[in-house]
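Open the model in your viewer and colour it by chain. The tour below goes from one selection to the next.

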Amino acid sequence: MNDSLHLLPTDRLAHHCEKQIAQFKADKPSDGSFCYELFRRATYDMPLAWDFVFSLYESHIRSRIRRHFAGSAEDIEDILQIVLIKFRRNVLTPERFKHFPNLSSVVAYLNGCVQSVVIDTARKQERQRRAESFSLDEGESVEPIASQVNTETILMEQEWRLRVLKCVKSHCKHRFDDLLVEQLWVNDLKPQDVYKQFPHAFSSVKQIHTQKRNLVDRIKRDSACRSLLEHAPN
Amino acid sequence: MTKRANQEDSDDELFEKRIKAALFRINCPDADLLLDYKWGLLSAKKTAVIHQHLATCPYCGGELANLVAPPPISTSPSAPEKQFPQRFRTLFAQFVGHHAMTRSSQNESGRGRIISSLWYEIEALGWDLEMHWGLEPDNLFLIQGQLLGPNPEIFDSIKIDLIEEIDVETGLVKPTAKTTPDSAGLFVLEAIPAGVYALRLRTPADVIPIPDITLNMPDE
């Protein structure tokens, strides 16, 4: 690599990077070393580097988001912010950056960050839909994606879910109850599918229904568990 | 079935739904951990945990398959890359902070007024680099700096270049000024015109580039 790149002023470096991005987009030979050096400087907290990285790659990230996610402009904006936070945390540290030997690897991982945030968003929306499905009130809206950025909200929700799991498991009398919790509620399998996978554990699908009902009854009789389930964090 | 029994069933169903909503995929790692697993970026312990989870989870395997994989290491670059012989190991400095001053305070040597300061850490060598610069009466800059580190005995073998002109095509650089630190790590670069420079520290084995040393005339 041309070591003089490391000495180039960051704004000139960004200019060269922008030219090479245009070359790449026009399917012409391009040199990734300028943009790679820009990412490296952002890793080392060099002033302006992260701002240039963002301005040069923002449209790329947005188009990748749109490829994987159909949502409002506001949702896409929220996902963009989460992608940037995760990318900066997961790549742009000197220790982590060693794992990315060239620009292709950095941009591929950036694309992976987009995918992972979209996956997590879809998971959360699925959980919200399930939570909504039992609500007796109509018109309850899906939690906005922006809450995924709020660390306190995320931690509160995680803590609540773990407390629910602990409460539920405290009523498991034997390992087959644990199996039911895992397969019926964590993995959301139907009783007939649980029986197919674990025929040695249960004598019939009916037995699964009976055991599940007994478990639900025990949990329901526990006022602490009931209260916990009735007061999910927002 | 009685109306009461129907109501109880409905309540049980609702209650179970609450449990499901709370516990759905509670054991699944966040997708960015799956990404790191796919890229081999996790510790051995975390890798083993995720590997075990993938063996039983009906969802994560599909998500993992859809995540982008690391690109193969290309043996032939798409464009001719500029290759220059490397005689030195290149180390990088972590930017710590800068301090822009506008007050008319004299620098430590009693000359000019300090306009700005920069701090860097060179972790690979355990060094800190501190620089500040001030404007002299002739409107040229005086840069003063200090290297601090565990092996000061090598400081006087370090060459420091202040570079303004950089040709990325040829790799040629033209130093505006050169110096060497004393045994205390102190160095001075004098009579520097305003402009944007890079500092290059060269030890017998390493090169440490520091770009963006911006010497601006202060706003009056």
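Which residue of chain B does the side chain of A:Lys212 meet in a salt bridge? Select A:Lys212 and B:Glu16: their side chains form a salt bridge, with 3.0 Å from N to O. Keep in mind that this is a predicted model, so the distance is computed from predicted atoms.

Now widen the selection to the whole interface. Nine salt bridges are found across the interface of chain A and chain B. Polar contacts join 22 residue pairs between the two chains, counting pairs with both residues at pLDDT 80 or more.

Next, select helix α6 of chain A, residues 103–133. This helix gives the most to the side of chain A that touches chain B, with 17 residues. Colour that side of chain A by class, and you will find 31 nonpolar, 17 polar and 23 charged residues.

Show both sides together. Here 71 residues of chain A are in contact with 62 residues of chain B. The two chains bury about 6,100 Å² between them, and 61% of this area is on carbon and sulfur atoms.

Two elements of chain A give two or more residues to the lining: α3 (49–68) and α4 (73–90). What does α3(A) give to the lining? It gives the most, with five residues. By class, the lining has nine nonpolar residues, no polar ones and no charged ones.

Note on methods:
Residues are numbered from 1 along each chain as its sequence is written. Chains are lettered from A and ligands numbered from 1 in the order in which they are written. This is a predicted model: local features need pLDDT of at least 70, side-chain atom pairs count only at pLDDT 80 or more; totals for chains, interfaces and linings use all residues. Side-chain values use heavy atoms; hydrogens and water are left out. Contact means heavy atoms within 4.5 Å. Buried area is the accessible area (1.4 Å probe) that two parts lose on being put together, summed over both. A salt bridge is a side-chain nitrogen of Lys or Arg within 4 Å of a carboxyl oxygen of Asp or Glu. A polar contact is a pair of N or O atoms within 3.5 Å; within protein, one must be able to donate a hydrogen and the other to accept it, and residues adjacent in sequence count only if both atoms are side-chain atoms. Helices (H or I, at least four residues) and strands (E, at least two) are DSSP runs, numbered from the N terminus. Ala, Val, Leu, Ile, Met, Phe, Trp, Tyr, Cys and Pro count as nonpolar, Asp, Glu, Lys and Arg as charged, and the others, Gly among them, as polar.
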